[in-house]
Amino acid sequence: MTFTTKYEKSNMDITSVKQDISEYHLPSASDYFSLLKPRVMSLVIFTAFIGLLVAPGEIHPVIGFTAILCIAVAAGASGCLNMWYEADIDAKMHRTADRPIPAGRIEAQSALHFGIALSVGSVLVMGLMVNVVAALLLTITILFYVVVYTMWLKRRTAQNIVIGGASGAFPPMVAWAAVTGDVSLESAILFAIIFMWTPPHFWALSLFACKDYANAGIPMLPVVSGERNTKIQIMIYTALMVPVTILPWYLGFAGIVYGAVAALLGGMFIWLSYALLTDTHSVDENSASAKKVFFFSIFYLFALFAVLGIENLIGRVV
């Protein structure tokens with residue numbers, strides 16, 4: 001029979017604690033930052049900044065910076081809450097399996113608290129530092145993405161991205177309201193451009209990521225209706241989107257340069273969508289035509305808003 005002394009037992013406890021600590025990895029700053037979906041956030045920030053720039057009236061630089069910061073934080077908070085709610089399906093998809101929650105680098109509860117804190121903070125600062133209208137629109141943006149799109153639509157209907165895409169269209173309208181304190185036809189058109197752009201953009205992605213969505217049980221359009229119908233819908237939405245993008249020139253809050261660029265790039269988008277429609281090869285992870293539409297769509301939206309902003313800035317200087 002052997003006896004363990006108090007000293008030896010103490011050493012055993014310390015060794016056990018050290019082993020537990022060595023096996024536990026504290027979340028890094030980059031893990032928390034990746035919860036904010038920085039690539040999505042960058043496009044949100046850019047379109048919001050252009051909305052701020054082209055809105056009539058003046059805004060103090062500090063207030064303008066605060067408004068953009070609040071929109072960025074709110075976008076990140078929405079992405080964080082989206083990852084918290086979708087951790088189960090993220091784990092089933094190759095494209096998202098390495099996100100912090102399914103990979104085990106951050107606990108779901110921590111992500112939930114982080115997302116809520118950022119959401120509440122961004123809205124409060126927007127309301128106190130900018131104006132109530134912008135804060136209200138920002139609240140709608142967060143709720144639409146988290147509740148309407150993530151919790152309600154995404155797992156239930158193939159039209160998830162059509163309706164849910166409104167959340168990504170709000171930022172320039174929020175920024176416009178930050179300057180003017182109201183919502184106007186012009187800001188609604190900026191909203192409509194992004195709203196119409198979202199389905200062909202995400203449906204192109206869903207074509208070459210179809211297996212991932214199917215494995216996760218997400219009813220994206222290619223999973224539910226097949227490749228052919230998805231290509232037809234991309235073609236239809238692209239054709240409907242292009243006239244909407246020309247409206248800023250037609251209504252006079254953009255110049256002829258923007259109008260020409262919108263028409264030219266719109267024609268290219270329609271051509272790429274038609275090439276995808278007529279491509280008889282089965283779409284898989286290596287689909288060149290679907291990826292061309294997807295990556296061009298990112299450039300397309302960036303270019304439209306960039307030209308709109310630059311043209312407006314030059315007009316103000318001149």
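Author: A disulfide is counted here as a pair of cysteine sulfur atoms within 2.5 Å. The structure is a predicted model, in which local features need pLDDT of at least 70 and side-chain atom pairs count only at pLDDT 80 or more, whereas totals for chains, interfaces and linings use all residues. Residues are numbered from 1 along each chain as its sequence is written, and side-chain values use heavy atoms, with hydrogens and water left out.

Reader: How many disulfides does the structure hold, and how far from Cys 70 is the nearest cysteine sulfur?

Author: A disulfide is a covalent bond between the sulfur atoms of two cysteines. By the cut-off above, the structure holds 0 disulfides. Cys 70 is accordingly in none, and the nearest cysteine sulfur, which belongs to Cys 80, lies at a distance of 17 Å.

Reader: Is Cys 70 buried or exposed?

Author: The classes rest on relative accessible area, computed with a 1.4 Å probe on protein chains only: under 20% is buried, over 50% is exposed, and the range in between is partly exposed. Because the relative accessible area of Cys 70 is 4%, this residue counts as buried.

Reader: How many helices and strands are there, and what share of the residues counts as buried?

Author: Helices (H or I, at least four residues) and strands (E, at least two) are DSSP runs numbered from the N terminus, and on that basis the protein has 15 helices and 0 strands. Its C-alpha atoms fill a box of roughly 95 × 55 × 30 Å along the principal axes. Of the 318 residues, the share that counts as buried is 48%.

Reader: Which residues touch the most other members of the largest nonpolar core?

Author: A nonpolar core is a set of buried Ala, Val, Leu, Ile, Met, Phe, Trp, Tyr and Cys residues joined through side-chain atoms within 4.5 Å. The largest such core has 83 residues, and those touching the most other members are Met 126, Tyr 300 and Phe 305.

Reader: Where is Ala 75, and which residues does Ala 75 touch?

Author: Ala 75 lies in helix H4. Not counting residues up to four places away in sequence, Ala 75 touches Leu 36, Met 41 and Val 44.

Reader: What is the phi of Lys 37?

Author: Lys 37 sits in the loop between helix H2 (29-35) and H3. Lys 37 counts as buried because its relative accessibility is 15%. Phi is positive here in a residue other than glycine, at a value near 50°.

Reader: Is Lys 231 buried or exposed?

Author: Lys 231 has its place in helix H13. Its C-alpha is separated by 9.0 Å from that of Ala 290, 59 residues apart along the chain. Since the relative accessible area of Lys 231 is 4%, the residue is buried.

Reader: With which residues is Gln 233 in contact?

Author: Gln 233 is found in helix H13, residues 221-250. Gln 233 is partly exposed because its relative accessible area is 23%. Apart from neighbours within four places in sequence, Gln 233 is in contact with Trp 203 and Leu 221.

Reader: With which residues is Val 123 in contact?

Author: Val 123 belongs to helix H6, residues 108-129, and its C-alpha is 26 Å from that of Phe 302, 179 residues apart along the chain. Once neighbours within four places in sequence are set aside, Val 123 is in contact with Ala 135, Leu 138, Thr 139 and Ile 142.

Definitions and conventions. Contact means heavy atoms within 4.5 Å.
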